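Subject: Structure handover

Hi,

Here is the structure I promised to pass on to you. Please open it alongside this email, and my notes on rings, cavities and charges follow below.

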Amino acid sequence: MIARRAFVGWLLLAPLSHAQTLGNGSLSGKYYFRHLMISSSASGNFTEVRSLLGALIFDGIGGYTFSGQQNIGTAAPAAISGAGTYAVTSAGLVTMTNPSRSSLQVSARLGSGAVIGSTTETSENVFDLLVAVPSPTTTQTVASLAGSYWAAGLEITGASASQQRSSHFLLRANGAGALLDLSLDGHAANQRGAAPFAETVTGGSYSINGDGTGTIAFPNSTLLAGNKVLYVSRDGATALGGSTSAGAHDILFAVKTIPGALSNLSWKDKFWGAGLRIEGRTLSNFAGSVNADGGGKLVWSQRVRQVANLAIDFTGVAPYTVSSGNSVTPGGTGRSLASWTAIGAAGDAFVGTTVAPEAVSTYELFLGSRMPALSGPGAFLNPQGVFNAASYAGGSIAPGQFVSLFGSGLASQSAQASTAIYPSSLAGVQVLINDLAAPVYSVSPGLIAALVPFAVTGAKATLVVNNNGTRSNPVEMPLAKTAPGIFTLSQTGTGLGAVLHTDYSIVDYAKPAKRNETLLVFLTGLGAVSPAVADGAPPPAGTLANTLQTPTVRIGGKTAQVSFSGLAPCCAGLYQMNITIPANAPFGGAIPLSIETAEHFHDQVDLPIVP
């Protein structure tokens, strides 16, 4: 069963905000940093753990130096210094020499108040997390750390997987060197069967030197190992710590609490994100972005590596909550699936970890920093504004994919293609992708919908908009063979998918799907097809253009049969899959529908299913 109607209306997205542009000069000066790195065998056994902390100095033109202390395995800490290179894209993506192993590159992100990242583009089984915060430029005192902070930590004591720990807590500093009593929630691999437990720590203390470095102590804690080096960020909104005791490997990150009553709206905007996760013998790390919608949904776009695997793109949605707080406890914390999360630093940063009875084998730390807003003169293509037109997710783009391009001054008027074959120029506006003219579906001053030409090849794609002779800034995007995204009824990238019954009626709450039923799923980003189809044109009448890859489709975790995967005959750029719901699929109002290709895992939409 092939669709006879188009769903191009599902391409529309919400606008972005703008400010300055970025480059190597945007990352300069002194940053305090912590780097935790685990090497493992292909089966996930630890082979080495090392950690490094100190000061990074970025020169603003692509080079950096660092000095500090490094722990390797159970050995005593040793002084270390070194140098490396870095490059910052116009969006804020940073590629930099891994300070702990110079043969590797960290995929980092430049946020409003931090540089965060992980080593994702390697075939080695290396998993890490790098966090760096700007150092203060004025003299600091113990009063620089005052008030309350939401904090989370990941620890690997003795460089051993048997001594992993995750915890979170409210850190209260009195501004004079003392910590108020701490109530920690966490779990440890070698305690209480790894089940979560609460711990009270009394007598904590800290010191701050004039340069913003210091120490912090958590006496007699089983979740936080001993004394740690402490760094206060330039604005005092975040704090970073780590131990230099022999065999101690950890990261502690804290965000200053936000005063007043909070809600889900307190976490709203686009953030860079990074994390390190150990789940049994499955190690993984990621660097990417997340869009918090202010209504309880997080849309993640991650570049993820798991043990014994190369990196893939992941796009997914997760719920979140934000506590309002009261006169005793500040707001800002909540849950996202099994993870504890906290928003702070005036809404510019978040931190999270997993401490839950259903996840006793999981130890992790993830965090985020608000994306700097971008803008520019003339025809400005927002480097953070290139999205999959169906999923509203960033990351890689793919040949044949519908993309939404946001910016300003992109067109002098609004127009939409009026023919089945999309033109290479519309209202005097042209989109070039690696110098190839892209078919254009619609244009407006702030948004263009276009198709990535099938002939675009390589690891990266450079996009430029030409508005009646005025060329925009170039924007570089990673290019993959596939980057799937399912259209949604809400046109937001989440919620119910754009799915039809075989009678062409919409699958929704009024007419849900059933087990064993065949459905038509509409999406973009499935890449090349056979036989080949001209850019911007639907397949020739009577011809089925099949994708070169047949995706794996799961419904509620159960594998569905895919009887067709290719271009929908009705229109250019629209892909269609015919799938059959498995007999053992779960039922309910929002059953996850996910797609997996060799390059991408997409899990943002739902199906209503009845028995």
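A residue is called buried here if its relative accessible area is under 20%, exposed if over 50%, and partly exposed in between. Please keep in mind that this is a predicted model.

Let me start with the aromatic rings. The structure holds 19 aromatic pairs. One of them joins phenylalanine 271 to phenylalanine 350 in an edge-to-face arrangement, with 5.7 Å from centre to centre and 75 degrees between the planes. Phenylalanine 271 belongs to strand E18 (residues 268-279) and phenylalanine 350 to strand E24 (residues 349-354), so this pair ties together parts that are 79 residues apart in sequence. Both phenylalanine 271 and phenylalanine 350 are buried.

Phenylalanine 314 and phenylalanine 601 make another aromatic pair, this one stacked, at 6.1 Å centre to centre and 15 degrees between the planes. Here, too, distant parts of the chain are linked: phenylalanine 314 is in strand E21 (residues 312-319) and phenylalanine 601 in strand E47 (residues 600-610), 287 residues apart.

Tyr31, Phe33, Phe58, Tyr64, Phe66 and Tyr86 are joined into a cluster by ring pairs. Elsewhere, arginine 192 places its charged end over the ring of phenylalanine 197, 4.1 Å from the ring centre.

Next, the cavities. There are four of 30 Å³ or more. The largest cavity holds about 60 Å³ of space. It is lined by 13 residues, and Leu451, Phe454, Ala534, Gly536 and Gly573 are the closest to its centre. By class, the lining of the largest cavity has nine nonpolar residues, three polar and one charged.

The second largest cavity has about 50 Å³ of space. Its lining consists of Leu145, Tyr149, Leu171, Leu230, Ala239, Leu240, Gly241, Leu252, Phe253 and Ala254.

Finally, the charges. The count comes to 15 salt bridges. In one of them, lysine 228 meets glutamate 155, with the closest N and O atoms 2.7 Å apart. Lysine 228 sits in strand E15 (residues 227-232) and glutamate 155 in strand E9 (residues 146-156), so the bridge ties together parts that are 73 residues apart in sequence. Lysine 228 is buried, at 2% relative accessible area, and glutamate 155 is buried as well, at 3%. A network of salt bridges links Arg34, Glu155, Lys228 and Asp250.

Aspartate 313 forms a salt bridge with arginine 303, where the closest N and O atoms are 3.4 Å apart. This pair connects strand E21, which holds aspartate 313, with strand E20 (residues 297-306), which holds arginine 303, and the two residues are ten apart. Aspartate 313 is buried, with a relative accessible area of 7%, whereas arginine 303 is partly exposed at 23%.

Glutamate 48 is partly exposed at 23%, while arginine 50 is buried at 14%.

Best wishes

How values were computed. Residues numbered from 1 in each chain as written. Predicted model: local features only at pLDDT ≥ 70, side-chain atom pairs only at ≥ 80, totals over all residues. Heavy atoms only, no water. Phe/Tyr/Trp six-rings, centres within 6.5 Å; stacked < 30°, edge-to-face > 60°. Helix = DSSP H or I, 4+ residues; strand = E, 2+ residues; numbered from the N terminus. Buried < 20%, exposed > 50% of the residue type's maximum accessible area, 1.4 Å probe, protein only. Lys NZ or Arg CZ within 6 Å of the ring centre and 35° of its normal. 1 Å grid on protein atoms, 1.4 Å probe; cavity = no way out; pocket = protein on both sides within 12 Å on 5 of 7 lines; lining within 4 Å. Points joined across faces, edges and corners; volume = space filled by probe spheres on them. Nonpolar A, V, L, I, M, F, W, Y, C, P; charged D, E, K, R; others polar. Salt bridge = Lys/Arg side-chain N within 4 Å of Asp/Glu carboxyl O.
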